[in-house]
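Open the structure in your viewer and keep the selection tool at hand. This tour goes stop by stop.

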Amino acid sequence: QTQMRRALRDLGQGFLSGSTDSMVGMAGGFAADMIGYGDMRDLYQEGSQLALGQAYDEVVLGMAAVGLAVTAATVGSFGGTAPARGGLTALKTAKKAGRLSKPLVTTLSATVREVVDEDAVKGAVRAARRLDLDGTKLAAVAAVRRGAVTKLRGVADDAATLFARTGSRGTLQALSIAENADDVRRTSRLATAFGPKTRAALKLLGRGAIVLGTTFAALLSWIWAGIAWAFAAVLLARRIGVAIGHSIYSRWNGPHKG
């Protein structure tokens, strides 16, 4: 019962606020973004700050705007450049949870400034204020520069891979030490090779695991193979030792029995 209540609480928190670091909570955030509510909420909150000339979160605003654009009825006009929807949510959630590394925040902020027309975002904010989801989506489409949206595609795809292979904790762990889009890509490749075990590699080596990337994955495979071979060799040596010991014992005690 306690676990069920906690899961329901995390699900609701993820859906309503998008601020969470649990697997269930991120599932709630993903569901909210898929129907447009989560992105509209975040675009309104951050866009209102922008409109007032106050400090706002560029990354959250950008991910919300692009997310609304690619889930709009005109999503087809973005073609194959549409980033992975789940990846956008993962990046946005990690930023809201304070789990993106500072260098990665700087990188994503610069990318968002290229992708999103801040002046056009104000139109989406007005539609969101009226709770006009369709109008907000259409305004978001106008606010996203289609030629630049490909810059987000790679990192969003890689973030989606991280979430699929390592879960919410693994994703947040990886994004907290990745410093740029290349790091996120290397970590996603590591996650593809090792799945949930990626968390242990990142905990053990930190950025070293990211820098080594697939080389580390191959090295780790060789290490495990070496351990398995050594274990098999020990078992074989033990069997041989027992056989030799038994033979010596039999010969030593044989004459006395006669």
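**Stop 1: a helix crossing**

Select α3 and α4. Their crossing is left-handed; a crossing gets that name if the near helix is turned anticlockwise from the far one by less than a right angle, and is right-handed if clockwise. On the α3 side, the contact is made by D39, M40, D42, L43, E46, G47 and L50. On the α4 side, look for V60, L61, M63, A64, A65, G67 and L68. Contact here means heavy atoms within 4.5 Å.

Colour these residues by class. The contact of α3 with α4 has nine nonpolar, two polar and three charged residues. Ala, Val, Leu, Ile, Met, Phe, Trp, Tyr, Cys and Pro count as nonpolar; Asp, Glu, Lys and Arg count as charged; the others, Gly among them, are polar.

Now check the geometry. Helix α3 covers residues 37-51 and helix α4 covers residues 58-70; the two pack at an angle of about 135°, with their axes 8 Å apart. That makes α3 oblique to α4. Axes are lines fitted to C-alpha atoms, for helices over the stretch in contact, and angles run from 0 to 180 degrees between N-to-C directions. Angles under 35 degrees count as roughly parallel, over 145 as roughly antiparallel, 65 to 115 as roughly perpendicular, and the rest as oblique.

**Before moving on**

This is a predicted model, in which local features need pLDDT of at least 70 and side-chain atom pairs count only at pLDDT 80 or more, while totals for chains, interfaces and linings use all residues. Residues are numbered from 1 along each chain as its sequence is written, and side-chain values use heavy atoms, with hydrogens and water left out.

Zoom out for a moment. The protein has 13 helices and zero strands. Helices (H or I, at least four residues) and strands (E, at least two) are DSSP runs, numbered from the N terminus. Of the 258 residues, 41% count as buried. Buried means under 20% relative accessible area, exposed means over 50%, and partly exposed lies in between (1.4 Å probe, protein chains only). Among contacts between residues at least 6 apart in sequence, 71% join residues at least 24 apart.

**Stop 2: α3 against α5**

G38, D39, R41 and D42 of α3 meet R85, K92 and K96 of α5. Which classes make up this contact? There are no nonpolar residues, one polar and six charged.

**Stop 3: K92**

Select K92 in helix α5, residues 85-96. Is K92 buried or exposed? At 3% relative accessibility, K92 counts as buried. Leaving out residues up to four places away in sequence, K92 touches D33, G38, D39, D42, V60, M63 and A64.

Now show D33, D39, R41, D42, K92 and K96 together. They are linked in a network of salt bridges. A salt bridge is a side-chain nitrogen of Lys or Arg within 4 Å of a carboxyl oxygen of Asp or Glu.

**Stop 4**

How many salt bridges does the whole structure have? A search finds 14.

- Select K95 and D57. Their closest N and O atoms are 2.7 Å apart. The pair links distant parts of the chain: K95 is in helix α5, D57 is in the loop between α3 and α4, and they are 38 residues apart. D57 is buried, at 17% relative accessible area.
- Select R130 and D132. Their closest N and O atoms are 3.8 Å apart in this salt bridge. R130 is exposed, at 56%, whereas D132 is partly exposed, at 29%.
- Select D157 and R153. Their side chains meet in a salt bridge of 3.6 Å, N to O. The two are separated by about one helical turn because they are four residues apart in helix α9, residues 150-177. D157 is partly exposed, at 29%, and R153 is partly exposed, at 37%.

**Stop 5: A72**

Finish in the loop between α4 and α5, where A72 is found. A72 is buried, with a relative accessible area of 3%. Then show K137 and V141, which A72 touches, not counting residues up to four places away in sequence.
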